[in-house]
Amino acid sequence: MLRIERLSKAFRDKKVLDGLNLIVNEGSMFGLVGVNGAGKSTLLRCVSGIYDTDEGAVYFNEKNTYEDEKIRKQIFFVSDDPYYPPAATIRSLKDFYASFYDLNEEAYEKLLKLFALSENKPVSSFSKGMKRQTMLLFALSIRPKLLLLDEAFDGLDPIVRHELKKLLYEFIEEDGSTIIISSHNLKELEDICDSYGILENGKISSYGDLLESKANINKYQLAFNTPVDESFFKQFEILHSHREGSVYSFVIKGERSEIEEKLRSLHPLILDTLPVNFEELFIYEHEGGDR
Amino acid sequence: MFSKEYFRYLLSSNRYLLILLLLVGMLNALGNTIRGLDLILQGIFAAGCSFILPMIVFYHVHDKKAVDSYLSLPVSRKAMLVTGIVFCFLGVYLMIAIGCIAFGIKGQYPADVIGSSLPSPSQPFNVLLALAVMAPTCLALVMFNTALYLIGNDLIDGVIMMGAYTCLPLAIYIVISSFFYSFVAGGNNPDLSVIRFFSPIYMSAELLLMIAEQGKVYWSSLIGLCIAALLSAYLLHRSYVLRKAERANSRSTSFFSYPLVINLYLIVCVYAIATLYGMRYKALGEFLGDHFVLYILLFAAFVAAYFLYRRKFYFNFRLPLFYLAVVLVSLLFVSSARSSRGFGLSDRYEKAKGPDTVSIDIWYADNNNEVNDYIFEQQGKRGEYVGVFVQVNGDKIANQVSLMSEETSDIIERYRKKAIDDFYEGEYAEYEASSHITIVPDGGFSYSQYTCNEAIALKDLIALAKDPSVRITVTTEEGEYRIGTDGTLRIYHSYVPDVTKP
């Protein structure tokens, strides 16, 4: 289990993470989302032990990830722009990672074949997508207990993205590992993540089970033939509202059946309830946070 | 504290570099036919390695992407630091060890088989001693250079810091020396050997040469290096183990980096220019007229240094103001130094007296300008007395037992004071018709050299000749003569077979 307690991190005068608390359960695929500059990469670097924290700490299986180098053997971080030494080849990188981690030879061979990468060509000659595949190849061959993927799907073609999703599922299923993925591609995250967290103003503003959260936020469209007292809507936790003539649309957080019952008491001509997707959930949560 | 995995990785990833170093070292050691030169060159190569290897091994802390890869590894930072230092040390030590062993092997053969001897032939003990002493020396050098490299936040700044702090002791030495040379009559340098303790590379070279030449250990340098290693260990702990990973590729803001380094070197350069004013010019306007372009160029270099520091064009009114302030302070300093006679330092030496003995060399103008290796712009007629070289020795001259008389002391002091006046009045003595007074203190380490643009008068010379502590040598193109206490001239050393009294 990953436990983050009162984590604060500032760069010069800018506080990026501010007393952040988070728990990610073992065997979970956690989607970390946030606007640009929200601190997703900083958070992942703190978790992987690259950055020291200004306050608070990160524990994986109750061990501090910055102070305990042994626990870092169970963690692997794939940054959004990975480093490859000059003239590095997949073979030389294999030697490098095999020096520090227990690299699974079988998984390595399988993935090498799957990604169709050349072992002896310099990585510098690879395309952006191939470079990312190279790092994913090692990430999945090392089979860490905690895998941190920053912008995991960036630069991958649809076929590789599909393959990667399958591999991540298998990885969790077989090893019971935990994966944290940060991405701006919420559609991809929605497909694979079971839980999520929205990073905003240095804190996790909203987090939980993705399906539950999605079920808890819905889009309601109502139409009336007579004017309604708008103060009636103040009782709801409205994330977004829009009115066009006598047609109202709301995004409301709360139990769907209860909200529908209350809305029906206004005798609308039409009442439609639509589910939100992860992207809408993020947008509305973000707007809600701004309010 | 030490990571075998990381060390193995460093060995394998740098194997080509290590092979290259080994080859260069062996080719130099085996190919060199001059005994001893291989050791000196090997020392230079090793010093070079002590800069290059930390740049390669610790490059990752200066690269935003590499820092992610390396600092997320399951190795503690302390272990990475120790392992990296050990790796660099082995590379440097290997280089010097090859040189020591080759030096030892060649020392077993006669000099004419190997070539000319430089330095003296070695013995197995010296080789073993060199191998033993060079181990802590190389370690200290590597630690110090690594600590300098880690002051910066990227590769360029790291290299600049290495260069800046390595050269700084030399720059300070030059500044202090030039002050004494330019503003203190007598050019009497204080003992500046303490500055070497700020230069591990100088102490290392000193140690190596002392062992090679004399088979002795320069203990003060060895202790100095050990202190440098301890200080570096503390700095490395702060700059690597406690380093914030986010420093990579950011602006270097450590106190010891910028703008301190820029300002230090600005002060050195501005002072160097101001020295010209203090030495050669009487009017500020004339000096500024001659050196205005130099000041403009230096200001451009100053702004360029700020550009390097900030990695973008940076101009703020504080920059020219600071620059002007430094220039004004430097001009004020040199003017004060000149008007106060080197802040009174010229008068701190007491007149020659007591146990001192005097040797006076008198030159006559002649057509042979190369007598005693001195070249004079001879203006006087042939056979005319033009000037003297007076040397007052704290140590007794061989066969001299008498003490300097009060009269002798007064005469020399009169000319010395005249020389001081000439120095501050800008009346520079030419070699013709001048007196050069050198005062060598006990032990003869540093000298006071006064040049008076007036030759010692003949009546004074005759008075000096009467003092048995004074040895007067008259040099002509035919030979050297000594003036006896009775005032007569006797041949001392003849340049021609048939010599007669001039």
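## Helix 3 of chain A

On the face of helix 3 of chain A that is turned away from its buried side lie the exposed residues Glu106(A) and Lys113(A), where exposed means over 50% relative accessible area, buried under 20% and partly exposed in between, with a 1.4 Å probe and protein chains only. Helices here are DSSP runs of H or I of at least four residues and strands are runs of E of at least two, numbered from the N terminus. This is a predicted model in which local features need pLDDT of at least 70 and side-chain atom pairs count only at pLDDT 80 or more, whereas totals for chains, interfaces and linings use all residues. Residues are numbered from 1 along each chain as its sequence is written, chains are lettered from A in the order in which they are written, and side-chain values use heavy atoms, with hydrogens and water left out.

Helix 3 spans residues 105–115, and its buried residues are Ala107(A), Tyr108(A), Leu111(A), Leu112(A) and Phe115(A). These residues cover an arc of only 130 degrees around the axis, which puts them on the same side of the helix; the arc is that of the directions from the helix axis to the C-beta atoms. The buried residues pack against helix 2 (90–100), helix 4 (128–142) and helix 5 (158–175) of chain A.

Asp150(A) belongs to strand 7 (residues 146–150) of chain A. Asp150(A) is buried yet has no salt bridge, and the nearest side chain of opposite charge, Arg45(A), is 4.6 Å away, the criterion being a side-chain nitrogen of Lys or Arg within 4 Å of a carboxyl oxygen of Asp or Glu. The side chain of Asp150(A) is instead joined to that of Ser182(A) by a polar contact of 2.6 Å, a term for N or O atoms within 3.5 Å, of which, within protein, one must be able to donate a hydrogen and the other to accept it, and for which residues adjacent in sequence count only if both atoms are side-chain atoms.

## Nonpolar core

The largest nonpolar core has 180 residues, of which Tyr97(A), Leu147(A), Leu168(A) and Ile181(A) touch the most other members; such a core is a set of buried Ala, Val, Leu, Ile, Met, Phe, Trp, Tyr and Cys residues joined through side-chain atoms within 4.5 Å. Apart from it lies another core, of 16 residues, including Ala185(B) and Tyr415(B).

Key
Lys and Arg count as positive and Asp and Glu as negative; His and the chain ends are not counted. Contact means heavy atoms within 4.5 Å.
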